[in-house]
Amino acid sequence: MACLEDSGGSLLQIEIKDQRWRRFAFEPAAEFACRDALAARGMAWEEFEIGLLACDDARIAELNGKFRGVRNPTNVLSWPVGSSAKKFPGLAASLGDIAISYDSCVRESLELEIDALAHVTHLVLHGCLHLLGYGHSDNAEAVIMESLEREILATMGLNIP
């Protein structure tokens, strides 16, 4: 597992289970997406920890089946921690975990005719926003989350539909 640490000390723990992810500048893009999501909420990047699993469709389909009862692959899944309150002084609070599928991300980027790394960045951001409590289970929630996604992506220089 790779741990990315910025100058502030936050940890993004990345486990790459599918080596095709190494074709991208995946780790820096994931770090930017998570850091910018936290910044948008006024949260200090150095105080939180996020786990990120970079896998394939087969693995994410297993996870989707186990946790959502859907036996199909998806692009990204997230598991927020119940509370982000720090339990031990000096330690980063875990926000939760994200899993992302190489196969689904690349397939979707080709279908949408957008840059694959930009799409991956968007999906990591999406997963991180779920860790922060945003959702899209109804239209009102979806509008808020999508608006925030577009705003953050614009600050990153990405214009993704």
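In the predicted model, W21 contacts I16, F26, A54, C55, I100, S101, Y102, C105 and V120, neighbours within four places in sequence being left aside. Apart from the core described below lies another, of 6 residues, which include L53, C55, I60 and L63.

W21 also belongs to the largest nonpolar core, which comprises 39 residues. Together with F26, L52, I100 and V124, W21 is among the residues with the most contacts inside this core. Two or more residues each are supplied by strands β2 (11–16), β3 (48–55) and β5 (93–101) and by helices α1 (26–40), α3, α4 and α5 (139–155). The largest contribution to the core, 9 residues, comes from α4. In soluble globular proteins, nonpolar side chains tend to be buried together.

Two of the contributing helices, α3 and α4, also pack against each other. Helix α3 spans residues 102–112 and helix α4 residues 116–131; their axes lie 9 Å apart and form an angle of about 120°. Angles of 65 to 115 degrees count as roughly perpendicular and those over 145 as roughly antiparallel; α3 and α4 are therefore oblique to each other. Their crossing is right-handed.

On the α3 side, the contact is formed by C105, E108, S109 and L112, which meet A116, H119, V120 and L123 of α4. Of the residues in this contact, 5 are nonpolar, 2 polar and 1 charged. C105 of α3 and V120 of α4, both part of the helix contact, are also among the residues in contact with W21.

Definitions and conventions
Residues are numbered from 1 along each chain as its sequence is written. This is a predicted model: local features need pLDDT of at least 70, side-chain atom pairs count only at pLDDT 80 or more; totals for chains, interfaces and linings use all residues. Side-chain values use heavy atoms; hydrogens and water are left out. Axes are lines fitted to C-alpha atoms, for helices over the stretch in contact, and angles run from 0 to 180 degrees between N-to-C directions. Helices (H or I, at least four residues) and strands (E, at least two) are DSSP runs, numbered from the N terminus. Angles under 35 degrees count as roughly parallel, over 145 as roughly antiparallel, 65 to 115 as roughly perpendicular and the rest as oblique. A crossing is left-handed if the near helix is turned anticlockwise from the far one by less than a right angle, and right-handed if clockwise. Contact means heavy atoms within 4.5 Å. Ala, Val, Leu, Ile, Met, Phe, Trp, Tyr, Cys and Pro count as nonpolar, Asp, Glu, Lys and Arg as charged, and the others, Gly among them, as polar. A nonpolar core is a set of buried Ala, Val, Leu, Ile, Met, Phe, Trp, Tyr and Cys residues joined through side-chain atoms within 4.5 Å. Buried means under 20% relative accessible area, exposed over 50%, partly exposed in between (1.4 Å probe, protein chains only).
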